[in-house]
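Thanks for coming. I have one structure to go through today, so please have a look at it first.

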Amino acid sequence: MRIFPELIVCEHCDTVCRRLALAHGAVARCKRCGVVLYRADRLSIEQWLALTFAAAVVFVLANTYPVVRISLHGLHSETTLWQSVAALAHTEVAPIAMAAALSVIVVPLLQILLLGWVLVFAWTGRRAPAFTEAMKTLTALRPWSMVEVCLLGVLVASIKLSSYLDVVAGAGTWATAALTVLITIIASRDVHWLWDLAENRPA
């Protein structure tokens, strides 16, 4: 199969465009639908890898430490993201629990692992094994990461419960907020240049 690195296909209208060198800060848009194809300003491999590693650390904290602490008449209760999903799974809304687990835990974890896999090999000057599959999976996972929706849900629930109980945001909430920022940064970067980089590096 021939590869045409000088061409790029719009993800929205499938228009084939020629890739051009851009000045710093410039943006390339599809000539048919106007969607952004790629940007000139990008992070270096080291910066991107550092942010991905930070996201991995924060992900562990967000899933290990309690999200909220609820107190009532001297009784305390804490719950983590995993415990919340497990509790939903044993109710009538089990399908919602599965969707929540995928969008809040599984998909972000896969994004971090796959991106870290590709970037570590790129940093060492090699193309990652299964590079094509990893890149395609990253592109497919991008719309399904919804950590920010989880954070918003935690905040809304905490505000409503605070009228009846003593609710304190746990370390998991702050870690989830940090994870939301980091996932947004690393998942929204233009990955097309990694394809170009991989073409010039040995497997």
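Cys 30 is buried, at a relative accessible area of 5%; buried means under 20%, exposed over 50%, and partly exposed in between, with a 1.4 Å probe and protein chains only. This is a predicted model, where local features need pLDDT of at least 70 and side-chain atom pairs pLDDT 80 or more, while totals for chains, interfaces and linings use all residues. Residues are numbered from 1 along each chain as its sequence is written, and side-chain values use heavy atoms, without hydrogens and water.

How many disulfides are there? The count is 0, taking a disulfide as a pair of cysteine sulfur atoms within 2.5 Å. For Cys 30, the nearest cysteine sulfur belongs to Cys 13, 3.5 Å away. Cys 33 is in no disulfide either, and its nearest cysteine sulfur, in Cys 10, lies at 3.6 Å. Cys 33 is partly exposed, with 36% relative accessibility.

Now the sheet. Three strands make an open, antiparallel sheet in the order β6-β5-β7; strands are DSSP runs of E, at least two residues, numbered from the N terminus, and two of them pair if DSSP finds at least two bridges between them. Strand β5 (residues 68-72) pairs with β7 over 4 bridges, and Arg 69 sits opposite Val 168 of β7.
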